[in-house]
Amino acid sequence: MTSDGTAGGGEGRPLGSLTRKPERSADRAVLDDLLDEAKTGTLSTVVDGLPWSVPMLFARDGDSILLHGSTGAGALRHVAAGAPVTFTVFVLDGLVVADTLFDHSANYRSAVVRGVLEVADDARAALEMLSDKLIPGRVAEVRPTSRKELAATVALRLPIIDGRWIAKARTGGPGGESAEWTGVVPVRTVYDAPVADSGDVPPASVRALVEGTHPDR
């Protein structure tokens, strides 16, 4: 990838635009909503000439994506040192049922963000922000992260830069008229009742997380 976010090899093809079904291209607001809703994505790069991908928890902080991992992970050190990466996110919103297999589809939102990771200046603040976006209010309920724990963890930021990201979305039914049943089966993610490992009552942050999304509450 060149410094201006275009493809290498002399093609000069923008990586921030769709060439197939451009009508599914989504704007920055859709990207931000997707990154705020999704909890996991896939970080990819090339290590020693071979592709490397790993699913990771993440959170958006303004114009960057927050990630974290162990300082002992060799591939993570590789990307922290400046190797180009992609970060992909996908949310399935519905299965589109048509009257032919060819016309079956899916409603979804997806994004690919390309760039170079930066080590967070304030690792503690980055980790706390990431944690609070995953489980709002949890940081205030636990003890502060120790120096030893911080030393074993690397906090990273992936800047969201125009021309280096692309978002896609599909909505609606299969289209066309049919004598058979066609439509959409919606898909969503909910949190079920927490399963205790110790203690009697879940903390307030966990209860709020579950009660805010559970269909029976």
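This is a predicted model: local features need pLDDT of at least 70, side-chain atom pairs count only at pLDDT 80 or more; totals for chains, interfaces and linings use all residues.

Student: What makes V185 partly exposed rather than buried or exposed?
Tutor: Its relative accessibility is 40%. Buried needs under 20% and exposed needs over 50%, so V185 counts as partly exposed.

Student: Now the rings. How many aromatic pairs are there?
Tutor: The count is 2 aromatic pairs.

Student: Why is the pair of F58 and F87 called edge-to-face?
Tutor: The ring centres are 5.1 Å apart and the planes stand at 70°. Pairing asks for centres within 6.5 Å, and edge-to-face for planes over 60 degrees apart, so this pair is edge-to-face. F58 is in the loop between β3 (50-57) and β4 (59-61) and F87 is in strand β6 (residues 84-97), so the pair ties together parts 29 residues apart in sequence. Both F58 and F87 are buried.

Student: And what makes F90 and Y108 stacked?
Tutor: Their planes are 15° apart, with 5.7 Å centre to centre; stacked means under 30 degrees. F90 in strand β6 and Y108 in strand β7 (residues 105-116) are 18 residues apart.

Student: How do you know whether F90 is buried or exposed?
Tutor: F90 has 52% relative accessibility, so it counts as exposed, the cut-off being over 50%. Y108, at 10%, counts as buried.

Methods. Residues are numbered from 1 along each chain as its sequence is written. Side-chain values use heavy atoms; hydrogens and water are left out. Rings of Phe, Tyr and Trp (its six-membered ring) pair if their centres lie within 6.5 Å; planes under 30 degrees apart count as stacked, over 60 as edge-to-face and the rest as tilted. Helices (H or I, at least four residues) and strands (E, at least two) are DSSP runs, numbered from the N terminus. Buried means under 20% relative accessible area, exposed over 50%, partly exposed in between (1.4 Å probe, protein chains only).
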